[in-house]
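Trainee: I would be grateful for a close look at one part of this structure. Please describe the place where the ligand sits and the parts of the chain that meet around that place.

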Amino acid sequence: MSWWLIGVMSGTSLDGIDLALTRLHPEHGIELVDAECLPFSPELHNELKTLCQPGSDEIRRAGLAGQAWAERTARGIHALLARQQLKPEQILAIGSHGQTIRHHPELGFSVQIGAPALLAERCRIQVVSDFRSRDLAAGGEGAPLVPAFHQWLLEDPEHTRAVINIGGFANLTLLRPGQTVVGFDSGPGNILLDAWIQRHQGQAFDKGGRWAASGTSDLELVSQLLADPYFSRSAPKSTGREYFNAHWLEQQLQAFAKQLPEADVQASLLELTAQSIATALDSQASDCRSVYICGGGAANIRLLERLSDLLSPLEVHTTAAVGVDPDWMEAMAFAWLAWRCLQGQSGNLPAVTGASGPRVLGAVYPG
Ligand SMILES: Nc1ncnc2c1ncn2[C@@H]1O[C@H](COP(=O)(O)OP(=O)(O)OP(=O)(O)O)[C@@H](O)[C@H]1O
Ligand SMILES: [Mg+2]
């Protein structure tokens, strides 16, 4: 028995909507058949970014942005199905994460917009959405949710492995044979690197980490940034744009005694991401054999070099080494989470999120 499922993820970097068409074989894994990243229009991108901070008339604006997000996603799914000559009836479900515009686990809520009913209406496929709120209701962080998928897909019966997803934020999953999975957000991934290069070079991201590589990281700045209490907090923990953002960076730089060249700031931000990941891993896994990186950060060559140096003698690979394209891991995870929901099976790992127990995640919008 196998099923077609579509996973949809639109992450904190706001780089677009990832679609992953998958074929799930419950006994032996999940196959990625087709995938695409749908870019946002500049208007939708700006509106989603603005909605991540408190602002006026935000309920109406969030309603409209959620609809625009669903329409964009539906058009992408129609094109994907046409390309693969598949009909909506052949797809078991769309697992749609939506776009996070606020994540407040300390207050018990996390808001993803993406009009799942509209998506079901447009695609005529059942949609599973709202994956985080049940975990939050059970006292969890509602995040990260990918570790259960990492475990299902990549656990090795003999060796300890770490999977690190570097998106806007970075999250770590530690898979020890036969033991409870450890997972949490280590801190910012690309979010500050994107913000700084956007502001000073007008680019969306630092391709290959080349601008960072042209500068020199400043030890004092890096240690000041790493002194933020988030990094020393113990897990379970998760974070988002409401905490680490351009304003946070601004305040840190104001409090810093020296004026640094812009490229040195970029190098220091890359060092922050690399060191916070390495420290998080060191604190958990002296027995770890191999580290697999996924998410957009896997394409940042400079970041991978720094991680390899910091984690040496551990071997650092991308998840391509274990047969999973690093760009589509998260979207595939939401296809899998939708399937878990429809099977009535839990999707969270209580040891990771801090929830009081395993819970079936998601709400179903019939096709
Ligand atoms: N070639 C590249 N070189 C350097 N960085 C890259 C490259 N390609 C992508 N990135 C970085 O990856 C980011 C996108 O990564 P990804 O899509 O995994 O994150 P996300 O959508 O925020 O997801 P998450 O939910 O995991 O935070 C971009 O914003 C950019 O910073
Ligand atoms: Mg993305």
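Mentor: The model is a predicted one. Its chain is divided into domain 1, covering 3–144 + 329–365, and domain 2, covering 147–322. Taken over C-alpha atoms, the centres of domain 1 and domain 2 are separated by 24 Å. Ligand 1 lies between the two domains, because domain 1 and domain 2 both give residues to the shell around it. There are 22 residues around ligand 1, and those that come nearest are Gly11, Ser13, Gly167, Asn190 and Gly296. Sorted by class, the shell around ligand 1 holds 13 polar, five charged and four nonpolar residues.

The domains also touch each other directly: 27 residues of domain 1 are in contact with 28 residues of domain 2. On the side of domain 1 that touches domain 2, at least two residues each are supplied by strand 3 (29–38), strand 4 (91–104), helix 13 (329–342) and helix 14 (350–353). Helix 13 provides the largest share of that side, namely five residues. By class, the residues of the side of domain 1 that touches domain 2 are 12 nonpolar, 11 polar and four charged.

To summarise, ligand 1 lies between domain 1 and domain 2, and its shell includes 13 polar residues, while the side of domain 1 that touches domain 2 includes 12 nonpolar ones.

Notes:
Residues numbered from 1 in each chain as written. Chains lettered and ligands numbered in written order. Predicted model: local features only at pLDDT ≥ 70, side-chain atom pairs only at ≥ 80, totals over all residues. Near = placed C-beta within 6 Å. Nonpolar A, V, L, I, M, F, W, Y, C, P; charged D, E, K, R; others polar. Domains from an automatic or database assignment. Contact = placed C-beta atoms within 7 Å. Helix = DSSP H or I, 4+ residues; strand = E, 2+ residues; numbered from the N terminus.
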